Amino acid sequence: RRLASIGANGSEVHVWRCDEKLDSWTRQQTLLVSERGSGVLRDVAWRPNPGLPSSIIAACMEDGSVSTWLQEMEGREWALQATWSVAGDARRLSWSKVGSLLAVSVGEEGCVVFKEGP
């Protein structure tokens, strides 16, 4: 089992792994938000990956920046894949069930949906 969380300083994403034998969590890696973004992280979401060896984590910031990190397969390093901006305060993220769509809630009433791939 693994999970992603926002660090206490609001500018890092932490990736954790559960050691079920010890019943404890260990931080595997810290993902730094792109220099392009400024402000505080609002949300982080792990893409569902049914049957895929790769993993993607998305994070959004109050300045409208959205970043994704890719891990080709478990055990490899995470790499910043992309960073882009939405028009407004990016507040929440949600992946579709199969992980091909990423919804970003913007401000009080907005939402933008991004599709993976060409």
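**Note on a predicted model: pocket, sheet and cysteines**

1. The largest pocket is lined by 13 residues, and those that lie nearest its centre are Thr-68, Trp-84, Trp-95, Lys-115 and Glu-116. The structure discussed here is a predicted model, and this should be kept in mind throughout. The space in the largest pocket comes to about 180 Å³.

2. Which strands contribute to this lining? At least two residues each are supplied by S7, by strand S9 (101-106) and by strand S10 (110-115). The largest share belongs to S7, with three residues.

3. Is S6 mostly covered or uncovered? Seven of its seven residues are buried, and the strand is mostly covered. The cover extends to both faces: on one side Ser-65, Ser-67, Trp-69 and Gln-71 are buried, and on the other Val-66, Thr-68 and Leu-70 are buried.

4. The pairing of S6 can be followed on each side. With strand S5 (residues 55-61), S6 pairs in the antiparallel sense over six bridges. Within this pairing, Trp-69 in S6 stands opposite Ile-57. Three residues lie between the two strands in the hairpin of S5 and S6, where Gly-64 takes a positive phi near 95°.

5. S6 is also joined to strand S7 (residues 79-85) by six bridges, and these two strands run antiparallel. Which residue of S7 is the bridge partner of Thr-68? The partner is Ala-82. Val-66, in turn, stands opposite Trp-84 in S7.

6. Most residues other than glycine have a negative phi. Asp-23, although not a glycine, has a positive phi of about 55°. Its place is the loop between strand S2 (12-19) and strand S3 (24-32). Asp-23 counts as exposed because its relative accessibility is 66%, and the cut-off for exposed is over 50%.

7. How many disulfides does the model contain? The count comes to zero. A disulfide is a covalent bond between the sulfur atoms of two cysteines. For Cys-111, the closest cysteine sulfur is in Cys-60, at 11 Å, and is therefore too far for a bond. The cut-off applied to a pair of cysteine sulfur atoms is within 2.5 Å.

8. Cys-18 counts as buried because its relative accessibility is 7%, and the cut-off for buried is under 20%. Cys-111 has 53% relative accessibility and therefore counts as exposed.

Key
Residues numbered from 1 in each chain as written. Predicted model: local features only at pLDDT ≥ 70, side-chain atom pairs only at ≥ 80, totals over all residues. Heavy atoms only, no water. Buried < 20%, exposed > 50% of the residue type's maximum accessible area, 1.4 Å probe, protein only. Helix = DSSP H or I, 4+ residues; strand = E, 2+ residues; numbered from the N terminus. Pairing = 2+ DSSP bridges. 1 Å grid on protein atoms, 1.4 Å probe; cavity = no way out; pocket = protein on both sides within 12 Å on 5 of 7 lines; lining within 4 Å. Points joined across faces, edges and corners; volume = space filled by probe spheres on them.
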